[in-house]
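Here is a brisk tour of one protein model. Keep the sequence and the coordinates open while reading.

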Amino acid sequence: MLRVIHRLFGKCFPIILQKDSMQCGVACLSMISSYYGRSYSLDFLSKKCFPTKEGVSMLSISKAAKQIGLDNITGLISLEELMRAPLPCILHWSQNHFVVLYKVKKCNTFYLSDPAKGKVKLSLNEFCAHWLNQTGKNENKGVAMFFEPEPEFKMHMETNVSEVHSLRFLNKYVKEYKKYLFQILLGLILGCILQLIMPFLTQAIVDIGIKHNDVSFIWLVLIGELIIVIGKTITDFIRRWLVLYISMRINISLVSDFFIKLLKLPMAFFDTKLMGDLLQRINDHSRVQSFLTNQVLGVIFTFLSFIVFGVVLLIYNQTIFYIFTIGSVIYGLWITKFLHKRKIIDYELFEQQAKNQNKTYQLITSMQEIKLQDCEQRRRWEWEDVQADIFSVQMKSLKLQQTQEAGSIFINEVKNITITVLAATAVINGQMTLGAMLAVQYIIGQLNSPVEQFMSFIYSLQDVKISLERINEIHEGNEEETSDNKRKGFDSEKSIRISNIDFKYDQYAMKKTLEGVSFEIPAGKVTAIVGASGSGKTTLIKLMLGYYKVMSGSILIAGHDINEYNLKWWRRHCGVVLQDGVIFSESIARNIAIGDGDIDWEQLEWAAKIANIHDYVISLPLKYETLIGRDGIGLSQGQKQRILIARAVYKNPDFIFLDEATNALDAKNEKLIVERLSDFYRGKTVIVVAHRLSTVKNADQIIVLDEGKVVEIGTHTSLINIRGVYYNLIKNQLELGSN
């Protein structure tokens, strides 16, 4: 029955908006489940869909739907087949997005729930342009997924919905300033009392001073009004200063806690978020600050003023009071009519601005490569396309705002004209004095402002709730360390045992990145891991460093599972050089001594000498205080790599992980550094990933990976003798060495 009702009344179809560009598929599945009577939060479904930096796949949506009791089938179908198929269904849209098609009219009008834009209505041509395959094959077909609830899918049950109390989240920050807030409240009350006196003084000037030609009385009243204005100005100044002070402190705490939380999130979290999405969430904090500064306490003052002047207006004339109330209610209803559309546009603008952040950052940081490869025009056009999309959304927002403002002005003016006519009629009929009429006009003016401010507050409240929902998504994320009681010590020799581990980044991918991998890395020995590109070497290193959890099997460090260790403590005992290691925009000294503590200059020079970078640094005018990175002097790839090696050596850790740490070095530097590292390795457990024979041939053991599996283990000599995968990997280097 529910399904029949939904099909008859398309407007009843739910719309759930994505919080960032990676959640479109998850949001579509949430809409489908809500349509069938069971609601799930985006966070709950994300854990089942396993989104990556590319979002989610059709396969992951299908698997997640099966888990919650929705049977489904996916296929490449024609438009004619789609028109006859049962709705709703999820469509693969524009080759990079997902939407829900929930209704098609006979006049070829298509109704969609787009998690990025809300509900949209498209013509046949518009629909086909986005849905039909445009890759050159099967251009008359598109991808669609259809659903049917299984028997265990219970109707009308809302489960696993994570309700975010956005404003309650702010409460813990605001309550720290109760003393100041009380002072502000007293100032608001005093301001209202001072304002309340003004209409009576205005009436007194007309009905007493002017009527009796008493100039001295008029001057006395004017002096009184001046004193009131001065008092109100001083009160407002103090109140605004306190509000600004509190809001700034709260905003600093909010942003600080946001970064603290980001630093506690698992490594894998950052694989599923675009940089632009995170930057936009940081920008959301400025909206929260503006709300606290300009809206919260302002609306309290507005409310008090409205109550006070409303009561006074009621005393003066009930009819005018009722007219004003009816006009204000109509005004409020007109404003609320636009709330849903504003919310959808806000989400759409967030997504476009996040894309703009990504595209702009990429354009600026890749400028030299763009010029080198002569692709300036294409890159500029791509950036301009993003600007055009943002402009389109902003124009929709402006059009909505202008429509709302036009209606608001009309309603307000009709109300004011009606009240003026009624007041003038009352004066003519002797029901009201001229002074009372002027007082009423003053009161109406004071009441109009609170009404407008209150409506503005409703919009701001909606905006800040959306921002807090996005900020809360970070705050509610699972932290990497969930317990303070995790292991912080080694009970046995510092070896690593990999036992039959399986792993893949996309949990629904057909092929595993690593499968059935088992080996032991002996304590105090050097183990080299080799294999063709894409064989899983770097993934294996990251698993040992706790970036991700294995699907099955175990990683034992000093006899204990890696999950038993405090990961921050574990990484503190690891010296790591990865292929994509980062050089920070700070001094060379701080790039090497990267930790939180003070710099040990003796150890710093020792590490730099092992990495063969000391002589270069000493030749610089500022030596180790020289600024490097994007804001400092440029470094060659080899120099960057040597600084990263020095960083790992400076820690003097128990475990060393080197992932292609010398691939950018020339033969002379590599030979020198490898020799110096050999002495440094003594007593340490070392894992080296490399392709170069010179780096791996002296390892105590060599592990050979092929397509995610261990295919050979041995020393350089033993592996050469069997002439297997390892031999073929380095054969060219052997021949080169023999010449």
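Helices (H or I, at least four residues) and strands (E, at least two) are DSSP runs, numbered from the N terminus. The model is predicted: local features need pLDDT of at least 70, side-chain atom pairs count only at pLDDT 80 or more, and totals for chains, interfaces and linings use all residues. Residues are numbered from 1 along each chain as its sequence is written, and side-chain values use heavy atoms, with hydrogens and water left out.

**Backbone geometry**

Start with strand E9, where Asn500 is found. Asn500 is not a glycine, yet its phi is positive, about 50°. Its relative accessible area is 48%, so Asn500 is partly exposed. The cut-offs are these: buried means under 20% relative accessible area, exposed over 50%, and partly exposed in between (1.4 Å probe, protein chains only).

Lys623 also has a positive phi of about 50° and is not a glycine. Lys623 sits in the loop between helix H20 (614–618) and helix H21 (637–650). Its relative accessible area is 37%, which makes Lys623 partly exposed.

Where is the cis peptide bond? It joins Leu87 and Pro88, with omega at about 10°. Pro88 belongs to the loop between helix H5 (79–84) and strand E3 (89–93).

**Salt bridges**

Side chains of opposite charge can pair when their charged atoms come close. A salt bridge here is a side-chain nitrogen of Lys or Arg within 4 Å of a carboxyl oxygen of Asp or Glu. The structure holds 10 of them.

| Pair | N to O distance |
|---|---|
| Lys66 and Asp71 | 3.5 Å |
| Glu150 and Lys66 | 3.0 Å |
| Arg497 and Glu520 | 2.8 Å |

Lys66, Asp71 and Glu150 form a network of salt bridges. Take the Glu150 and Lys66 pair, whose side chains meet at 3.0 Å, N to O. Glu150 lies in the loop between strand E7 (141–149) and strand E8 (157–158), and Lys66 in helix H4 (residues 58–67), so the pair ties together parts that are 84 residues apart in sequence. Glu150 counts as buried because its relative accessibility is 17%. Lys66 is partly exposed, with a relative accessible area of 41%. Asp71 is partly exposed too, with a relative accessible area of 35%.

Next, the Arg497 and Glu520 salt bridge, 2.8 Å from N to O. This pair links distant parts of the chain, 23 residues apart: Arg497 is in strand E9 (residues 496–503) and Glu520 in strand E10 (residues 514–521). Arg497 has a relative accessible area of 39% and is partly exposed. Glu520 is partly exposed at 31%.

Which residues are buried in helix H6 (residues 124–131)? Phe127, Cys128 and Trp131 are. They cover an arc of only 95° around the axis, so they lie on the same side of H6. The arc is that of the directions from the helix axis to the C-beta atoms.

Helix H14 (residues 376–428) holds Asn412. Is Asn412 buried or exposed? At 10% relative accessibility, Asn412 counts as buried. Tyr331 is 81 residues from Asn412 in sequence, but their C-alpha atoms are 7.2 Å apart in space.

Glu384 lies in helix H14 as well. Glu384 is partly exposed, with a relative accessible area of 33%. Glu384 and Asn356 are 28 residues apart along the chain, and 9.6 Å separates their C-alpha atoms.

**Surface patches**

Patches are made of residues with over 30% relative accessible area and no salt bridge; like charges are joined within 9 Å, and nonpolar side chains (Val, Leu, Ile, Met, Phe, Trp, Tyr) within 5 Å. Accessible areas come from the Shrake-Rupley method with a 1.4 Å probe; for residues, only the protein chains shown count as cover.

Leu226, Ile230, Ile234, Phe237 and Ile238 make a nonpolar surface patch of about 520 Å². Ile234 is placed in helix H9 (residues 215–264). Ile234 is partly exposed, with a relative accessible area of 48%.

A surface patch of positive charge gathers Lys264, Lys488, Lys568, Arg572 and Lys651. Arg572 is in helix H17 (residues 567–572). Lys and Arg count as positive and Asp and Glu as negative, while His and the chain ends are not counted. The place of a charge is taken as NZ of Lys, CZ of Arg, CG of Asp or CD of Glu.
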